[in-house]
Amino acid sequence: MATSILINKIMLPDKKQWKEDFLKSEMFDKLKHISIAIRVATPFQIITWDFDRAGRNFKKPIKVYTPRERHIHQGRLTLSSFYMLDYIVKNTKQYPIIDIGCGMNLFKSIYPIIGLDDDPRADIQGLFDEKFMEAHREEFSAAIAINSLHFIHLNQIQYIIEQLSHIIQPNGLGYITFNMQRLIDVTNEVDPEFIISKKLDSKLNLRKYVFDKVYSICDNLELLYYEDNVDEVDDYVDGNIKIIFKKT
Ligand SMILES: C[S@@+](CC[C@H](N)C(=O)[O-])C[C@H]1O[C@@H](n2cnc3c(N)ncnc32)[C@H](O)[C@@H]1O
């Protein structure tokens, strides 16, 4: 399974070393405690903490709020979002960072983050929409949206990144991820002819289409990092398209 990093203008740490350090950190201890508390209702099983992508291997459906929480119930915690967020947090001067679509608000427990969602565990109850954007123009020095703003048509990719950028201060960072499968699902639902008519039924063309869209985001956004890992199209926890941009 190949991960393609198509743009990389930043220095991310070596994954193996980062993982070793993270597993020894107080942050990880905290996550472990939270995870174990959440899992109290389910039988104990060996916990794996890794970079794994999401996989459809659940034994039974569990009624919880988000895929990440479902994973925790299964005794799994993927590390890739923490790995990316470490970079965002370390390269942001002013806190809090806003987490759009925070779901269970797990990142807040270890990072200086406030979450927006209609989930009861969010700090700000509500949705990211034009009204929110107008009310919070350039308020945050960084904003993240992990698999939360991807319930959109494929042709809205640029639009959503630009919307997110409006709440970020100049020189601030944005981190947004998409699960390619969600984009495909929504596109097919609202516009059944689109994928065929644009010849996006081959993975290569689809990757290229999404990359081109992101690459041509507006002039005041610099694309710092673009990773696509869509050989398996469905990564519903951390996303298989990961984008870091800077508002210039
Ligand atoms: C797949 S979950 C991801 C949760 C979290 N970001 C994480 O990585 O664990 C998607 C979340 O996005 C939220 N969401 C979807 N559209 C949103 C919007 N327009 N504004 C705020 N939250 C949104 C949903 O309520 C849900 O909690």
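Me: In this predicted model, which loop is N105 found in?
Reply: N105 has a positive phi of about 65°. N105 is not a glycine. Its place is the loop between β4 and β5 (113-117).

Me: Is N105 buried, partly exposed or exposed?
Reply: N105 has 19 other C-beta atoms within 10 Å. Buried needs 20 or more, and exposed needs 12 or fewer. So N105 is partly exposed.

Me: Where is N147 found, and is N147 buried or exposed?
Reply: N147 also is not a glycine, yet has a positive phi of about 50°. The loop between β7 (140-146) and α6 (157-166) holds N147. N147 has 25 C-beta neighbours inside 10 Å. The cut-off is 20 or more, so N147 counts as buried.

Me: Which peptide bond is cis, and which loop is P96 found in?
Reply: The bond from Y95 to P96 is cis. Its omega is near 5°. P96 is found in the loop between α4 (80-90) and β4 (97-100).

Me: Why do the buried residues of α6 line one face of the helix?
Reply: The buried residues are I157, I161, L164 and S165. Seen down the axis of α6, they fall within an arc, so they line one face. In general, an α-helix has 3.6 residues a turn, so residues three or four places apart point the same way. For α6 the arc is 100°.

Definitions and conventions: Residues numbered from 1 in each chain as written. Predicted model: local features only at pLDDT ≥ 70, side-chain atom pairs only at ≥ 80, totals over all residues. Helix = DSSP H or I, 4+ residues; strand = E, 2+ residues; numbered from the N terminus. Arc of directions from axis to C-beta.
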